[in-house]
Amino acid sequence: MRKISLFFMMILFPLITLEAQETIASRIDQIPVHDREVLTRFFKRLFSHGDFSYTLLGQKPMGSIDYNLDLLTFPQFYQEPHKHLFLMALDERGWRVWEKYQHLFPTRQYRFIRLKHDSFFGFILIHKEKAFEVIRHHLTTFQELVGKNTDASEIFEMLCEGEFGYYHSSTPSLLSYYKALGLLYGYGEDNVNTFVSRERLLQTLWSLPISLTTLPSDIVGCLEMGENQSPQITESIEVSSLITDLKMIIKQTELINTNKEHNPFLPIKKSRFLGDRNHPKTNETISYFDQLDGDIVKLHETENYLETILELLTAEVVK
Amino acid sequence: MNKVLFLMGLFALSFCFSGETKEHQPNVSEDLAQVLWNVMETYEGEYSLQELFTTLWKLNTGKIESKPIEECYHSLLTSMEIKAAKKSEINLQAANSYLQNIKQLEGFHELIDGKLYYRVIEVGSEQEIGEINDAPLISFTEKTMDGKVLSKNPLGIRLPLSETIIGLREGIKGMRTGEKRELHIHPNLAYEEFPKPEPNSIIIIEVTLISP
């Protein structure tokens, strides 16, 4: 009996796969040639971002690509503004075309959404299963943001509906918000805690009656104190511990490149995060992403790129 | 030409606009114009100078109300999109004709028709190498068509070729130890639409094979 089942599976599986391939190909055929080209370029740009491709091919629960619309009105205040403006405009157009056809390609394992808040907009790719696991595992952190009676499924739905992306201004706890995002981005609990400590310290510094620009340049640089925020600090501050904390944070935190930074010919844009190189998760993340780079380049060079990427995005959930 | 028109327009407008602040802070007007000009340069070719002046005048005289900046984003994004598409097309045409010219020049070798060419700058050792492994030791300088350096490593680095642009991966084939080549790479085999430094840019790489 088992042999018969196996026989049928061997015969049927390739047929099902073939049918699925034909379905994607035939659905692509419904798209006018010009829109197909726009979509091909759109997905090539998105998935040449480490953040997106590691979510699609790797272990990242979520990846995002962000743009700041202020660039449109104040380009002179940014480095290489044309580069960002071009990509922003092209991706915006790509999304408009994708909106017309996304119903043809249900992304079962992923949620691919566009978010907008204040002057920011961007795209988020969520690996549903992995993101849900993060929320379930760190439920308290997420509940601090949305209410303690909200369960993991509801929070997950909120994430998928884009209620999590860019809402710094309305979040009840900025630190929990950073923690939740860091966990969803897959940077590991230790790195997320380091980042949160840095933010907490930053908020404390902003609350002090001192001119922060008079601090040593390495501190200013490390803390990236460009914006002026004045959060209300309710607890008392021990200045001696502040100095110790500052020294520790400066020693520990750095901007970590997850791609091979010495290879300028890698056609994948760097994914970076603030973290501690001494945490095991940091090196694990770097080496895991490094291993994927070859696969991402191969994917990038695939002849039927649109078909391949849509097959990956619409693939059935493997149980 | 646009700049001249802009300055003339500003001069003409100075008669229409209120002069209250000018006496006390003469530099603000001038510097504001510079800031505005910077923004305008970003949208060059996509706006009408006359309409811009008229709108400024209407705003200044209260004939129209200012609107939230968010409402202006759509047209600015569309303008950028048109500009990006134009830039891509112009650069692609320039890349195609550049490589067609290269093709005719003496000393250039074709690796992929219309896409990849090289010339030997320094001859390497006489000994032929069979296959170059996936991570040869190379030194390189990556440049644009007008000579702007994008990246370089004069000391040498082992780069996995499977993780580089196709132009370098293919262009390095057949090199001998010590050989220095200048690769001329079509954007399709380089960064395509990604603006490095602009969408659809030709990339020139001077590469030396230190060790296969």
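**Basis.** I am working with a predicted model, in which local features need pLDDT of at least 70, side-chain atom pairs count only at pLDDT 80 or more, and totals for chains, interfaces and linings use all residues. Residues are numbered from 1 along each chain as its sequence is written, chains are lettered from A and ligands numbered from 1 in the order in which they are written, and side-chain values use heavy atoms, leaving out hydrogens and water.

**Confidence.** I noted an ipTM of 0.79 and a pTM of 0.80 for the complex. Chain B averages 87, with 86% of the residues scoring at least 70.

**Chain A overall.** I read 14 helices and five strands; these are DSSP runs, helices being H or I of at least four residues and strands E of at least two, numbered from the N terminus. Of the 319 residues, 49% are buried, where buried means under 20% relative accessible area, exposed over 50%, and partly exposed in between (1.4 Å probe, protein chains only).

**Helix H7(A).** I looked up which residues of helix H7 (residues 139–146) are buried, and found Thr141(A), Phe142(A), Gln143(A) and Leu145(A). Their cover includes helices H6 (128–137), H8 (152–160) and H9 (174–184) of chain A, contact being heavy atoms within 4.5 Å. Just after H7(A), Gly147(A) has a positive phi of about 115 degrees.

**Asp293(A).** Is Asp293(A), at 0% relative accessibility, buried or exposed? Asp293(A) counts as buried because its relative accessibility is 0%. I place this residue in helix H13 (residues 280–300) of chain A. Its side chain joins that of Tyr54(A) through a polar contact of 2.7 Å; such a contact is a pair of N or O atoms within 3.5 Å, and within protein one must be able to donate a hydrogen and the other to accept it, while residues adjacent in sequence count only if both atoms are side-chain atoms.

**Phe77(A).** I located Phe77(A) in the loop between helix H4 (70–73) and helix H5 (81–101) of chain A. Phe77(A) counts as exposed because its relative accessibility is 58%.

Note on methods
pLDDT = per-residue confidence, 0-100.
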